[in-house]
Amino acid sequence: MANLKQLSEREERLTGGHRLCAGCGASIIVRQILLATNYPVVASCSTGCLEVSTTLYPYTAWKNPFIHNAFENSAVTISGAEAMFRARKRTGEIPADKKIKFIAFGGDGGTYDIGIQSLSGAMERGHDMLYVCYNNEAYMNTGIQRSSATSMGAATTTSPAGTVIPGKKEYPKDLTEVMAAHHLPYVAQASPGYYMDLIKKVEKAMEIEGPKFMNTLAPCPRGWRHPNDAAIKVAKLAVDCCFWPLYEVVDDKYSLTGQSKLIAAGKKEKIPLVDYIKTQGRFKHLLAPKNKEFLDSIQTELDKRWERLVKLSEL
Amino acid sequence: MAKPMAISGNFAAAYSTKQINPHIVAAYPITPQTLMMEKFSEYVANGEVDTELICVESEHSAMSACIGAAAAGGRVITSTAANGLALMFEVVYIAASLRLPMTMCVMNRALSGPINIHCDHSDAMGVRDSGWIQVFNENAQEVYDTMFQACRIGEHKDIKLPVMVNFDGFITSHKVERVDVLDDDVVQDYIGKFEPMYPLLDVDNPLTYGPLDLFDYYFEHKRQQVDAMQKALPIIEKEMKAYGKVSGREYGIMESYHLDDADYVIICMSSTAGTTKFVVDRMRAQGKKVGLLKLRLFRPFPAKQIAEQLAGVKRIAVLDRSESFGAFGGPLFTEVRNALYDVNDKPGITGYVYGLGGRDISADQIEGVFNKLISAPDKMIGDIQYLGVRGD
């Protein structure tokens, strides 16, 4: 595995000067992922913050071939490119030993919601590709509307914390588990807060042939209402409270990784959810005494999910 | 050399696709397109093609996969109909605006609702402004031949646009006809090797496809698409003609049938042109000066050529197999009438909407249209009539 010094010497494939917000988690994730591999990469991205901010014509921040098609089809678009790569190898137009890695990026809107059909189809068909969701838990590009990835209780512009309803009323869809149910050769959950874990996972995925899925938590200062310099801290706390466990599923075998593995082994402390919640304005109303019961119920649900994952990883 | 086969339009589309041997076919099944995909899947399963077949989970994904594949650099073919094309709508525009050559067969079928599986042209007309070249075909032979022309046209360096090969659902897609097929090597020589332009797979020369394009550049890019369409028209005429040297079957962007001395003319597209030819023959035998203008190329619309063809004609009926709700006439009628605006001594023109949802159109009905043209008063009012519908 590449160490920090080696990573720092690699060429940046997502250049600076793009128009993502200061402190945006998405660009950190993409940069880390592209740094994690030395293979040539062809990337796609769904419509969203990442796409609009990195490709404002006539500029592009991408130093590898890149395609944006539409909102709901990042996975299938890259699957078409990957199929063409195989077809042209078959006809001898591309040398048989040529290696290109195909990576599709999408936000939670483009992945959990409008793009889930395209994603599921591409994974089922077995294309040799990695899909990466940068999950910032809402439709940030259109102005922080709720998605099916938005946390229970989070305030968004379409699930505001009102006098009657305290933010989003539903738990987020567990997309990582949905993808694990596709029985893919590699499924992982990662956080830019624990970047070596993330990089290790990308390196591993790049050596596995077939469809791979990685779900990453992407703090969004604007939408989550935290300071611009807090994304990494928040991304760590999400793991530390076991809201966003680090794990991987390799050929159906679950394993906790990094910090989450240490927490399960009792070597690191599992912090209370409230320590994560209180760092973000979107959860501010949950700290009010009248919502204590609601917050407690979220902690209970979270514990249940964590215990289930720990058990799965012991199988 | 060429040999005759007794095959359906769908089979002709599949067989020509096999002979093209494209890098990628991505499609989703929909009636009446399925038989093409099933036949082609057999070719893949039997190792008769090099094609990577992508059986996607929706038509939206079919076109999206085609876009990714075409951008990667290679020959790409898909097919669909009706609701499938409607589901693709968003990405049909994107394929054209990214200037990605590919071919899509559309076995024209009525759009829902109510759901109907039979022929009309509402599906293709729904995407007539999408930037695709649209060719309408009368029979299986035309479908077969147009598939090869589509490669040459769409991939031409001055065009770089996707091509839609339309033919009538069930009527042409399922009817078995004689089709004269070419040898594989003749096809390959004609279409030539695919030369990718700016392929995504060229990792040493990375580029970005599909950037955000706002008020400062979007309009120029749209203007370039307009230019490509305008440049396409003479190239398409040339390519269709040149195909005659390869196959012995020369095509034009339109076909004139007894038009030279005709006073009364029907304009229509696809299989109805075949029925109209039969009626023209029957009425010519009675000494009536009737004729047909069958339009093959609908986009880019050959307005000037149509005006030239119709100079000196007394009266015209335009037959539309789709409705444009709230418009003054069907899409073909409005285009043809528009094309005639600058003609001196304008012919009288009337429009008919017919055959929606697969409603049969008979030779007698077409003869009735001609007879109405013949007996109409000198000053015809361009109104719209409905052919073969209850209550009209």
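## Around Ile267(B)

Set aside the neighbours within four places in sequence, and Ile267(B) is in contact with Leu293(B), Leu295(B), Ile316(B), Val318(B), Leu319(B), Leu332(B) and Val336(B). Bear in mind that this is a predicted model.

Ile267(B) also stands out in the largest nonpolar core, which holds 220 residues: together with Ala81(A), Cys66(B), Ala69(B) and Ala95(B), Ile267(B) touches the most other members. Which helix gives the most to this core? That would be α3 of chain B (residues 59–72), with nine residues. The core also draws on two domains of chain B, taking at least three residues from each of domain 1 (3–247) and domain 2 (254–387). As a general point, nonpolar side chains in soluble globular proteins tend to be buried together.

## Where the chains meet

Now for the two chains: 39 residues of chain A are in contact with 37 residues of chain B. On the chain A side, the elements giving two or more residues are β1 (41–45), β2 (66–68), α4 (74–90) and α6 (116–124). Helix α4(A) takes the largest share, with 13 residues. Sorted by class, this side of chain A has 20 nonpolar residues, 14 polar ones and five charged ones.

Strand β2(A) is joined by two bridges to β9 of chain B (residues 208–209), and the two run parallel. Look for Ile67(A) here: the bridge partner in β9(B) is Tyr209(B).

Over in chain A, strand β5 (residues 186–190) is mostly covered, with five of its five residues buried. Which way do they point? Tyr186(A), Ala188(A) and Ala190(A) go one way, Val187(A) and Gln189(A) go the other, and all are buried.

β5(A) pairs with strand β6 of chain A (residues 211–217) through five bridges, running parallel. To get from β5(A) to β6(A), the chain passes through helix α8 (residues 195–206) of chain A, making a right-handed β-α-β crossover.

Strand β7 of chain A (residues 247–250) is another partner of β5(A), this time antiparallel, over four bridges. Here Val187(A) has Val249(A) as its bridge partner in β7(A).

Notes
Residues are numbered from 1 along each chain as its sequence is written. Chains are lettered from A and ligands numbered from 1 in the order in which they are written. This is a predicted model: local features need pLDDT of at least 70, side-chain atom pairs count only at pLDDT 80 or more; totals for chains, interfaces and linings use all residues. Two residues are in contact if their C-beta atoms, placed from the backbone, lie within 7 Å. Ala, Val, Leu, Ile, Met, Phe, Trp, Tyr, Cys and Pro count as nonpolar, Asp, Glu, Lys and Arg as charged, and the others, Gly among them, as polar. Two strands pair if DSSP finds at least two bridges between them. A nonpolar core is a set of buried Ala, Val, Leu, Ile, Met, Phe, Trp, Tyr and Cys residues joined through C-beta atoms within 7 Å. A residue is buried if 20 or more other C-beta atoms lie within 10 Å of its own, exposed if 12 or fewer, and partly exposed in between; C-beta atoms are placed from the backbone. Domain bounds come from an automatic or database domain assignment. A crossover is right-handed if, with the strands pointing away from the viewer, the path from the first strand over the helix to the second runs clockwise.
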